[in-house]
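Student: I'd like a close look at one part of this model, the place where its pieces meet. Could you walk me through it slowly?

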Amino acid sequence: MSTKTGRIVGVNGNMVTAEFDLAVHQNEVAYVVVEDLRLIAEVIRVRGRYADLQVFEDTAGLKVGGRVEFADEMLSVELGPGLLTQVYDGLQNPLPAIAEQCGFFLPKGLQLVALPRETEWDFTPKAAKGDVVRAGDTLGTVPEGIFDHWIMVPFGMQGSYRVTKIAPAGVYRVEDEIAVLEDDRGLHSITMMQKWPVKRPIRAYVERLRPTEQLVTKMRILDTLVPVAKGGTYCIPGPFGAGKTVLQQLTSRHADADVVIIAACGERAGEVVETLREFPVLIDPRTGRSLMERTVIICNTSSMPVAAREASVYTAVTIAEYYRQMGLNVLLLADSTSRWAQALREMSGRLEEIPGEEAFPAYLESVIAAFYERAGIVVLNNGTVGSVTIGGTVSPAGGDFEEPVTQSTLKVVGAFHGLSRARSDARRYPAIDPLDSWSKYPSIVPGDQLDRAKRILRDGHEVQEMMKVVEEAGTSMDDFLIYLKAEYLDAVYLQQDAYDEVDGSTSAERQKHVFNIMNTILDSELEFAEKDAARRFFQSLTQVTRDWNRVSMETEEFRLMEGRIHDMLAEVTKNA
Amino acid sequence: MRKVYHEITQIAGNIITVEATDVGYGELADVTSDNGTSLAQVIRLEGDRVTLQVFSGTRGIPTNAEVRFLGERLRTSCSEALLGRVFTGSGIPRDKGPVLDDNMIEIGGPAVNPAKRIIPRNMIRTGIPMIDVFNSLVESQKLPIFSVAGEPYNEVLARIALNAEVDIIILGGMGLKYDDYLYFRDTLEAEGALSRSILYVHTASDPVVECLLVPDTCLAVAEKFALDGKRVLVLLTDMTNFADALKEVAITMEQIPSNRGYPGDLYSQLASRYEKAVDFDGAGSVTVLAVTTMPGDDVTHPIPDNTGYITEGQFYLRNGRIEPFGSLSRLKQQVNADTREDHRTIMNTMIQLYAAYKEALEKQSMGFRMSAWDLKLIKYGTIFEDRMMNLAVNIPLERALDLGWEILAECFAPEETGVPTRLIEQFWPTTVATADGSGGDGGDSEERAA
């Protein structure tokens, strides 16, 4: 037990002020004792002999004079085999294990181990006695679900070490010693598990690369129009009911990532329950195994303690970085970063800091930037490449993108997927606004084709606005056709039926193929006697194309329908 | 044993400060003066300074009032004996029944472990077509009615409560007008539902801070009954008063406000209440239906805005009707596939046509030329509003779906609706004259004019 102790001198919501005697350090973990419970807390400010702690649990019952124990370590998570398929709270307590032990409710003051201690793993050594290794080097592997989980030299170990002992192939538990390393300070025993402070990025790699390779999500509007790159960052702001969470859920299912970390931060419990109950029975088409096998869920829903929300996004990103260190492509989905920002605001208010805009703390921007900067694609010690991609939703107050969290996020992300109320009201899903949204990453389709499509979307929108004033009759046939083409592209390509098995996920190959045909259609000079005929043509073309979207690409029917679209087009194309 | 303190060092708003030791955060105290005794709760500890919010307000409290700490947190009695009774927010009887103090349970207890929740799967029938057909209410859902003062939101709540097939109804009134309180009580009594209801009522004339207790008490009792396997419906009206009370306390505590004076933790405060809605794995459920009156009819106001981010959809009640646009039940797709096979088709078709009607109406008001199709839409929209949206309509879901087909058949030819042929063959009414020409149209407008 720690010898560093303190006494409570004040309680204000989830902030406790404690008087201490021996040195404490910023962000140190402390335990606040109430009756027979120890509530976990973190030092967030030190003034004189007083430390302000944010308590990650309900503070009811705390008394002035109560005991505080300082743990002499920063808030950390356990890293090792057994993380995949787990459902944790923001502080890495496994929720199913809590349910088993405590029933329906989340009790106070309970800390369980994150990694199962009794599970046996089949260890294969990769390093040999006498090898010289440094932090992040692989000592051996164990199979975890679909991957080889690398057992690495702990990331916090400075300098280089000589392997003096390595365990032979065999079955071990996470706390068993699998290697002994030596340097001039002495011998170091290594197990399959290591701890890492969540607020510090893992830097055991050689170099960072620029993200250029697409992370295919199988959603056409994303991959084609506003793409995401492996190791990149993106944000999804949108008013309530526009479909942020549904979009995240779809991405978590279909994205071309090896590991998906879902951080449900301060949102509805019901939505997490859907993932919890459905993922184990959904099959990942890439591996043929259950989706849960590539997933870790960090779940700190809105009714769970507020301060732990802040911890939850860091816990999630640390686990993401850990799997990146194994040369995997990891996707972290955080829903919603606004709730995390609100937790910062609550704490800042209790600390009586001078508030910034809308009472958010002045350091909001740098905290958000530091979080997104933990994404990246890196070259590891052994030359393999791994990546962490971060996608965060933002829930702007009143649906207004001018608010501080959205604005701070936009400055640091590589892609902006803005959801629009107008599109979701019109049931155009995904409700990403194709005109406002942007991405700095390369698309899966050729640039010239994309530019043309974007131009038509923009021009079509202008024509539509104009028609509201001058009526259809006042619009020229050429303008009217641009409008119809834009609407067509929107209806059959940008919109996607998430509930259809085929249309719900479109492979990159199919997107390229179809987008090429879209371009032919957008490029064609069409001839119609009157506007009604033009509208009727595009209505039926839309109908046929949507049916085509629902047909699997491998079938004969796919080719037949494609032919039919070409035939329909040929009938109305101007003869040169 | 319990120490008594006689020296209040500060009184501001509904907040008092005393110097005391060995007091727990969140602990209760009795504040007694010549005016009577009021319950208070510790909301800040700073050395020896203990700050309390006084639930019945500080009016008339002298600096030498007696403050006695009770050494316990907020609790309320919970047993079958509550059924049919009316209480204040702090559990004191409003009716002539006895005070209950057995089976005390903690208020504002811990959150439910997400691993012990299940995906909701049972529809709650309300008899209101705009809900049952278009935005089905689902057991364990949390759903607010967004409305403005003057709309019949309390009547809608009462209607839903009476129609819903639940075991227990708990009404939480916050800042309720006395008339409305009597309306709820008398309606429940007249329909024979009072015996399965519990009312916690804070009226507009009661001290503001007391209304903070209402949702927590209601939800704690509801949770207890749900754990015993009961299906509980909690009605909360009006959550705007609750949020305003939070604002008042926060301002008195000199907290930095975030948006229009509301505290930065408004989202968390509302969420910790709404998230009590739950379907337990292996026990009962809590469904929460709340009223949020939107100040200035502005949905971006912090109260409805934060609420919308928390709840699973919302009903807009405007001009005495539940609006089909904007209203949303996020859980409806969990249940509306298994009701009747035409349910989703009727739901989508009628709303799409109603949206087209709104466009036609706009064209008409701008003086644009109306096509034959526009006229059909206008006829349809009028009938739809009259027979479906009208809140006086109280029919089961199946009858409402039939009514939907009848309205469609009265206004359109089958192929104009975009309904799949299979369903047309099965459901399109044959008895009603199909609207293939002017005959049907003319007949109908006369009927309406009459």
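**Where domains and chains meet**

Tutor: Taken over C-alpha atoms, the centres of domain 1 of chain A and domain 3 of chain A are 31 Å apart. Before we go on, please note that this is a predicted model, where local features need pLDDT of at least 70, side-chain atom pairs count only at pLDDT 80 or more, and totals for chains, interfaces and linings use all residues. Residues are numbered from 1 along each chain as its sequence is written, chains are lettered from A and ligands numbered from 1 in the order in which they are written, and side-chain values use heavy atoms, with hydrogens and water left out.

Let's start with the two domains, whose bounds come from an automatic or database domain assignment. Domain 1 of chain A covers 5–74 and domain 3 covers 206–439. In contact (heavy atoms within 4.5 Å) are 11 residues of domain 1 and 10 residues of domain 3 of chain A. Their buried area, meaning the accessible area (1.4 Å probe) that two parts lose on being put together, summed over both, is about 880 Å², with 59% of it on carbon and sulfur atoms. A salt bridge needs a side-chain nitrogen of Lys or Arg within 4 Å of a carboxyl oxygen of Asp or Glu, and between domain 1 and domain 3 of chain A the count is zero.

Now look at A:Arg350, in helix 6 (residues 337–350) of chain A. Helices (H or I, at least four residues) and strands (E, at least two) are DSSP runs, numbered from the N terminus. A:Arg350 counts as buried because its relative accessible area is 16%; buried means under 20%, exposed over 50%, and partly exposed in between (1.4 Å probe, protein chains only). Setting aside neighbours within four places in sequence, A:Arg350 is in contact with A:Asn12, A:Gly13, A:Asn14, A:Met15 and B:Asp265.

The peptide bond from A:Asp335 to A:Ser336 is cis, with omega near 5°, and A:Ser336 lies in the loop between strand 22 and helix 6 of chain A. In the loop between helix 6 and helix 7 (364–372) of chain A is A:Glu358, which has a positive phi of about 50° although it is not a glycine. Why point these out? Most residues other than glycine have a negative phi, and most peptide bonds are trans. A:Glu358 is partly exposed, because its relative accessibility is 27%.

Next comes helix 3 (residues 244–254) of chain A, where eight of the 11 residues are buried. Among them are A:Leu247, A:Leu250 and A:Thr251. The cover over the buried residues of helix 3 includes strand 22 (329–335) and helix 4 (269–278) of chain A, along with helix 7 (302–310) of chain B.

That brings us to the contact between the chains, which takes 60 residues from chain A and 53 residues from chain B. The area buried between chain A and chain B is about 4800 Å², and carbon and sulfur atoms give 56% of it. On the chain A side, A:Phe104, A:Phe240 and A:Arg268 lose the most area to chain B, together 18% of what that side buries. Four salt bridges are found across this interface. A:Lys63 forms a salt bridge with B:Asp22, with their closest N and O atoms 3.4 Å apart.
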